[in-house]
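Here's a quick briefing to read with the model open on your screen.

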Amino acid sequence: SLPAPPSDVSHLRRDPREVRLERYFAEKGAPAQTYAREFIRAADRHDLDWRLLPSIAFIESTGGKAYKNNNMFGWANGDIRFRS
C-alpha cells in the first residue's frame, strides 16, 4: 500500500505575491510575467520589498515589452548586455 500523503501541504501552496505579480503583468500584457517567481526569490534573498524589482522592470521596459540586450531593468540606459 502507498504511504499516506503528508498532512502539512502548506509547502504546495503558491506564494500569493507571485500570483499577484503574474496577474498584474498578464493584465498589462508584459513578458515579465514569466519571471514572477524569480522576482520574489531575489527579493527574499536580498531582503528587498517584493514589489521593487517588478516596479523597476515595468518603469524601465514596460515589464519586458521594450528592452534590449536582455536588460529589462535599463542598466546603463539599456546598453549593458546580459547573456541571460
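The largest nonpolar core has 13 residues, and Leu21, Phe25, Ala32, Phe39, Trp50 and Met72 are the ones that touch the most other members. Helices H1 (16-28), H2 (36-45) and H3 each put in at least two residues, with H2 giving the most, at 5 residues. Keep in mind that this is a predicted model.

**Overall layout**
- The chain has 3 helices and 0 strands, so reading along the sequence you get the plain pattern α-α-α, with helices being DSSP runs of at least four residues.
- Of the 84 residues in the chain, 26% are buried.
- If you take the contacts with a separation of 6 or more, 31% of them join residues 24 or more positions apart.

**Inside the core**
- As a rule for soluble globular proteins, nonpolar side chains tend to be buried together.
- Phe25 is one of the core residues touching the most other members.
- Skipping neighbours within four places in sequence, Phe25 is in contact with Ala30, Ala32, Gln33, Phe39, Pro54, Phe58 and Gly63.
- Two names on that contact list, Ala32 and Phe39, also turn up among the core residues that touch the most other members.

**Two residues on H1**
- Leaving out residues up to four places away in sequence, Glu18 touches Ala36, Arg37 and Ile40.
- Tyr24 also sits in helix H1, but Tyr24 is partly exposed, because its relative accessible area of 36% falls between the 20% and 50% cut-offs.
- Tyr24 and Pro54 are 30 residues apart along the chain, and their C-alpha atoms are separated by 10.0 Å.
- Pro54 is also one of the contacts of Phe25.

- Which residues make the nonpolar surface patch of about 210 Å²? They are Leu48, Leu52 and Ile56.
- Leu52 belongs to helix H3, which covers residues 52-61.

Methods:
Residues are numbered from 1 along each chain as its sequence is written. This is a predicted model: local features need pLDDT of at least 70, side-chain atom pairs count only at pLDDT 80 or more; totals for chains, interfaces and linings use all residues. Side-chain values use heavy atoms; hydrogens and water are left out. Patches are made of residues with over 30% relative accessible area and no salt bridge: like charges are joined within 9 Å, nonpolar side chains (Val, Leu, Ile, Met, Phe, Trp, Tyr) within 5 Å. Accessible areas come from the Shrake-Rupley method with a 1.4 Å probe; for residues, only the protein chains shown count as cover. A salt bridge is a side-chain nitrogen of Lys or Arg within 4 Å of a carboxyl oxygen of Asp or Glu. A nonpolar core is a set of buried Ala, Val, Leu, Ile, Met, Phe, Trp, Tyr and Cys residues joined through side-chain atoms within 4.5 Å. Buried means under 20% relative accessible area, exposed over 50%, partly exposed in between (1.4 Å probe, protein chains only). Contact means heavy atoms within 4.5 Å.
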